[in-house]
Amino acid sequence: MAFQEKKLPADAPLADKALNWIDPRFPLSATWKAHVSEYYAPKNFNFWYAFGSLALLVLVIQIVTGIFLVMHYKPDANLAFASVEYIMRDVPWGWLVRYMHSTGASAFFIVVYLHMLRGLLYGSYRKPRELVWLFGVAIFLCLMGEAFFGYLLPWGQMSYWGAQVIVNLFGAIPFIGPDLSLWIRGDYVVSDATLNRFFSFHVIAIPLILIGLVVAHIVALHEVGSNNPDGIEIKEKTDAKGIPLDGIPFHPYYTVHDVMAAAVFLIVFSAVVFFGPEMGGYFLEYNNFIPADPLKTPPHIAPVWYFTPFYSILRATTSDFMYWLIAGVAAYVALIFVRSKLRGTTKMVAGIIGLVVVVGMLVFDAKFWGVVLMGVSVMILALLPWLDSAPAKSIRYRPDWHKYIYLLFGIAFLVLGYLGTLPPTAGRTLVAQICTFIYFGFFLLMPWWSRSGTFKPVPERVTYHPH
Amino acid sequence: MSNEKQVDPGRRGLLVATCAAGGVAGLATAGAFVSTFQPSERAKAAGAPVEVDISDLAAGTMKTVEWRGKPVWILKRTPEMLASLKKTDGEVADPDSDRTQFAVTPEYAHNEYRSIKPEILVVVGICSHLGCSPTSKFQPGAQPSLPDDWQGGFLCPCHGSTFDLAGRVFKNKPAPDNLEVPRYMFEGDNKLVIGKDEKGEA
């Protein structure tokens with residue numbers, strides 16, 4: 001096809017002429033239309049739908065503040081701690097940039113956890129949005145990696161010993177573990193070599209992957225269209241032009257909503273940055289204001305709050321608890337055999353996997369299984385689209401008792417998170433073990449409980465009250 | 001002339017060979033990048049054996065030296081301390097140091113004292129659970145975070161694992177194994193070399 005350029009009148013505005021020159025060479029207007037001005041989103045979004053764009057805002061804050069921090073930071077075991085203090089005390093406004101970055105890390109997880117909760121409540125991971133969800137889980141994993149690598153950089157006591165504990169987790173893997181942790185650290189202990197590679201991951205490797213995944217997440221979303229609080233496919237009811245009857249263009253209708261949400265978010269964010277950047281030791285741990293000392297472990301090591309639910313699961317896995325886990329695995333395999341409609345071969349595979357896991361639990365020690373459970377507790381999120389078999393996507397049309405299951409799961413998650421910040425005692429470990437069972441039970445039993453009960457009728461069109 | 005569906009076997013063969021050669025080169029390059037993660041020659045050199053003079057070590061006291069960035073404890077045990085090991089035999093998870101998963105105990109320390117000379121204990125002061133450094137609790141008797149019949153030993157502040165005066169872990173603690181005994185040897189009565197024994201360097 002020959003190259004074509006529209007003819008504009010000689011007195012057309014300069015902006016129109018510029019766009020007319022660009023569009024045949026780069027799909028600028030087409031991209032803007034496809035993703036913003038003619039992307040039709042359901043008109044019944046509520047405040048839960050603000051957290052996606054807020055996550056994007058926090059990503060921008062983290063990247064911009066990060067760029068400026070790197071200009072003053074020194075990734076060297078002898079200089080790192082002092083260079084952070086230099087940023088805080090001597091660099092003009094350095095304290096603001098640093099506190100924005102450290103508060104941004106926690107804000108990122110708050111926003112992302114709420115964004116994921118929204119997905120859980122309205123079934124946003126269900127068909128046809130499985131890939132949107134999987135990209136999201138990958139983003140969550142990258143965020144955890146980013147937070148972990150970044151936390152070593154200030155080279156304080158918590159940075160150092162936190163990294164020591166997490167890298168040693170890999171040492172629990174049978175046969176290759178000790179060599180693997182040596183390879184990750186690049187030294188016999190966490191050292192300058194470790195700091196340098198974590199710096200590289202934190203400032204370039206993970207952010208590149210993260211941005212790629214965010215693009216994939218949004219492109220996949222815009223391909224299938226957004227879910228909504230009613231869990232109805234708006235694309236099923238369209239007008240003559242193929243535009244969803246319940247859809248409204250993202251711009252300007254939701255851009256204004258998101259600007260409003262950003263304003264509220266920035267008020268809260270600024271309040272934390274200016275008045276409580278350490279957030280009582282939850283956002284910045286007090287022990288991290290002491291330089292790293294490889295010969296002295298702080299009396300209590302706890303990860304930052306956003307990792308504590310998973311860390312609690314790790315700690316709950318003691319050698320006594322292994323018998324309960326074995327019983328749990330056996331009961332689950334029995335349940336698959338008795339109460340599932342899977343094919344015979346699939347059941348056999350489940351049985352064999354169950355047997356291997358039980359034997360493994362008897363052979364390898366509890367430390368290894370703690371690491372496995374912690375990993376699985378995050379990765380299991382990826383299975384949600386295939387575990388949930390409720391006839392209605394949204395919690396609005398599920399049986400009321402489903403809400404109590406979600407509530408129980410939410411409470412167990414928060415309790416695990418709280419316990420993870422505290423030193424363990426026998427009683428707390430027991431509570432964490434019960435919550436671990438609730439956490440995994442919620443996901444693993446979902447194929448059964450999610451389809452039971454009396455569902456409410458799902459309406460044809462979205463619920464919307466003009467105001 | 002229609003050549004759309006015809007495959008030229010010669011060209012297809014070259015294509016496969018090119019892809020294979022390219023793949024091998026790619027994997028080899030990836031291998032080089034993976035290898036950069038290993039400890040560098042400088043890090044290995046810094047992990048060389050350490051010599052310690054223990055002539056000034058009084059009975060019942062402990063000295064900490066750094067080896068490969070890890071704290072190594074040298075504890076000179078009193079006769080009472082050695083006697084306490086008999087009492088803890090039944091309460092520790094692996095009294096004879098037979099486990100090999102976390103670290104192999106060198107055969108010269110594969111005895112009830114876990115040491116070459118009964119009174120001199122040499123262990124790496126890193127908890128086998130997640131790498132924290134336990135604190136010394138030599139005072140016997142009841143005290144916070146410890147059982148009432150405490151005989152003296154070590155307590156890991158991170159997750160509450162306890163070890164006796166031979167670095168043996170008590171049963172049902174998060175730590176899966178005893179404290180590691182590094183390879184070490186005596187050079188004369190009062191000089192210890194850590195990280196090296198008659199068989200060579202660790």
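The largest nonpolar core of this predicted model has 116 residues, and Phe108(A) and Val122(B) are those with the most contacts inside it. Helix α6 (residues 130-152) of chain A gives the most to this core, contributing eleven residues. A nonpolar core is here a set of buried Ala, Val, Leu, Ile, Met, Phe, Trp, Tyr and Cys residues joined through C-beta atoms within 7 Å. In this predicted model, local features need pLDDT of at least 70 and side-chain atom pairs count only at pLDDT 80 or more, whereas totals for chains, interfaces and linings use all residues. Residues are numbered from 1 along each chain as its sequence is written, while chains are lettered from A and ligands numbered from 1 in the order in which they are written.

**Cores and burial**

- Apart from the 116-residue core lies another core, of five residues, among them Tyr39(A), Tyr40(A), Ala41(A) and Tyr254(A).
- Leaving aside neighbours within four places in sequence, Val122(B) is in contact with Val72(B), Ile74(B), Ser115(B), Val181(B), Pro182(B), Tyr184(B), Leu192(B) and Ile194(B), where two residues are in contact if their C-beta atoms, placed from the backbone, lie within 7 Å.
- Asp230(A) lies in the loop between α9 (192-224) and β2 (247-249) of chain A; helices (H or I, at least four residues) and strands (E, at least two) are DSSP runs, numbered from the N terminus.
- Asp230(A) is buried, because 22 other C-beta atoms lie within 10 Å; a residue is buried if 20 or more other C-beta atoms lie within 10 Å of its own, exposed if 12 or fewer, and partly exposed in between, with C-beta atoms placed from the backbone.
- Not counting residues up to four places away in sequence, Asp230(A) touches Asn44(A), Ser394(A), Arg396(A), Pro459(A), Val462(A) and Thr463(A).

**Helix packing in chain A**

- Two packed helices are described by the angle between their axes and the distance between the axes; axes are lines fitted to C-alpha atoms, for helices over the stretch in contact, and angles run from 0 to 180 degrees between N-to-C directions.
- Helix α3 (residues 51-70) and α5(A) pack with their axes 9 Å apart at an angle of about 160°, and α3(A) and α5(A) are therefore roughly antiparallel to each other; angles under 35 degrees count as roughly parallel, over 145 as roughly antiparallel, 65 to 115 as roughly perpendicular and the rest as oblique.
- By class, the contact of α3(A) with α5(A) has 14 nonpolar, seven polar and two charged residues, where Ala, Val, Leu, Ile, Met, Phe, Trp, Tyr, Cys and Pro count as nonpolar, Asp, Glu, Lys and Arg as charged, and the others, Gly among them, as polar.
- Helix α11 (residues 308-316) and helix α14 (residues 366-379) of chain A have axes 7 Å apart and pack at an angle of about 150°, which makes α11(A) roughly antiparallel to α14(A).
- In that pair, Phe310(A), Ile313(A) and Leu314(A) of α11(A) meet Gly370(A), Val371(A), Leu373(A), Met374(A), Ser377(A) and Val378(A) of α14(A), a contact with seven nonpolar, two polar and no charged residues.
- The axes of helix α7 (residues 157-170) and helix α8 (residues 177-185) of chain A come within 7 Å and cross at roughly 140°, and α7(A) and α8(A) are therefore oblique to each other.
- Val167(A), Asn168(A) and Phe170(A) in α7(A) meet Gly177(A), Leu180(A), Ser181(A), Ile184(A) and Arg185(A) in α8(A), and by class this contact has four nonpolar, three polar and one charged residues.

**Contact between the chains**

- The contact takes 25 residues from chain B and 28 residues from chain A.
- On the side of chain B that touches chain A, the elements that give two or more residues are β2 (62-67) and β3 (70-76) of chain B, and the residues of this side divide into ten nonpolar, twelve polar and three charged.

**Backbone geometry**

- Most residues other than glycine have a negative phi, and most peptide bonds are trans.
- The peptide bond from Lys127(A) to Pro128(A) is cis, with omega near 5°, and Pro128(A) is placed in the loop between α5 (94-122) and α6 of chain A.
- The peptide bond from His251(A) to Pro252(A) is also cis, with omega near 10°, and Pro252(A) lies in helix α10 (residues 250-275) of chain A.
- Trp93(A), although not a glycine, has a positive phi of about 60°; Trp93(A) is exposed, with 9 other C-beta atoms within 10 Å.
- Asn172(B), in the loop between β7 (162-163) and β8 (184-186) of chain B, has a positive phi of about 60° although it is not a glycine.
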